[in-house]
Amino acid sequence: MRIFKFLSLTLLSLAVTACSSNGNKSEAVAADTDSVTVQAAQAAPEAQADSAAQAAPKAEAITNESLPTLLDFSATWCGPCKAIAPRVHEMEQEYKGKVKFRYIDVDAEPALADQYGIRAVPTFIILSADGKPAGRIEGADEVQLKALLDAAASK
């Protein structure tokens, strides 16, 4: 969906540039841009459906656990994600058998990130054993993350 918005804006920008510099050619460029935008808009629901269908099995696999699960939403380009990652991996060992850890790259799994409403990385979501969200932390706050894990592990 983000790519669709970016492409639409890029095409619109190209059409405006062409309109201001090419005189009579501008109408043809604008018409081409409109048809491409309409075609992309018509294709978008299908792409979203495909994306949702692909994300569904992964979401089910994440939530069908007998233990609470920590979802660690991050990105390879995220500095705070890289900074807290070693500590998160230590916590995974510390809570082994009490909390399961799942690592999700928001760029590789955009549908899953959208499903959980991820707007910033890192974001940590704890799911109860029945798969329902039980807590959320946005940002690389080790103290809050530890408290979230302690609460989940004690249930």
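**Fold, hairpin and disulfide of the predicted chain**

Among contacts (heavy atoms within 4.5 Å) in the protein chain between residues at least 6 apart in sequence, 65% join residues at least 24 apart. The model is predicted: local features need pLDDT of at least 70, side-chain atom pairs count only at pLDDT 80 or more, and totals for chains, interfaces and linings use all residues. Residues are numbered from 1 along each chain as its sequence is written, and side-chain values use heavy atoms, with hydrogens and water left out.

Five helices and four strands make up the elements of the protein chain. Helices (H or I, at least four residues) and strands (E, at least two) are DSSP runs, numbered from the N terminus. Their order from that end is α-α-β-α-β-α-β-β-α.

Strand 3 (residues 123-127) and strand 4 (residues 133-138) run antiparallel and are joined by five bridges. Pairing requires at least two DSSP bridges between two strands. Ile 125 stands opposite Arg 136 of strand 4. The two strands form a hairpin, with five residues between them. In the turn, Gly 131 has a positive phi of about 90 degrees.

The accessible surface of the protein chain (Shrake-Rupley method, 1.4 Å probe; for residues, only the protein chains shown count as cover) is about 9,300 Å². Carbon and sulfur atoms account for 58% of this surface. Of the 155 residues, 31% are buried, that is, under 20% relative accessible area (1.4 Å probe, protein chains only).

Cys 78 and Cys 81 are both buried. Their sulfur atoms lie 2.4 Å apart and form a disulfide, defined as a pair of cysteine sulfur atoms within 2.5 Å. The count by this rule is one disulfide. The torsion about its S-S bond is about 80 degrees, so the disulfide of Cys 78 and Cys 81 is right-handed.

How values were computed. Buried means under 20% relative accessible area, exposed over 50%, partly exposed in between (1.4 Å probe, protein chains only).
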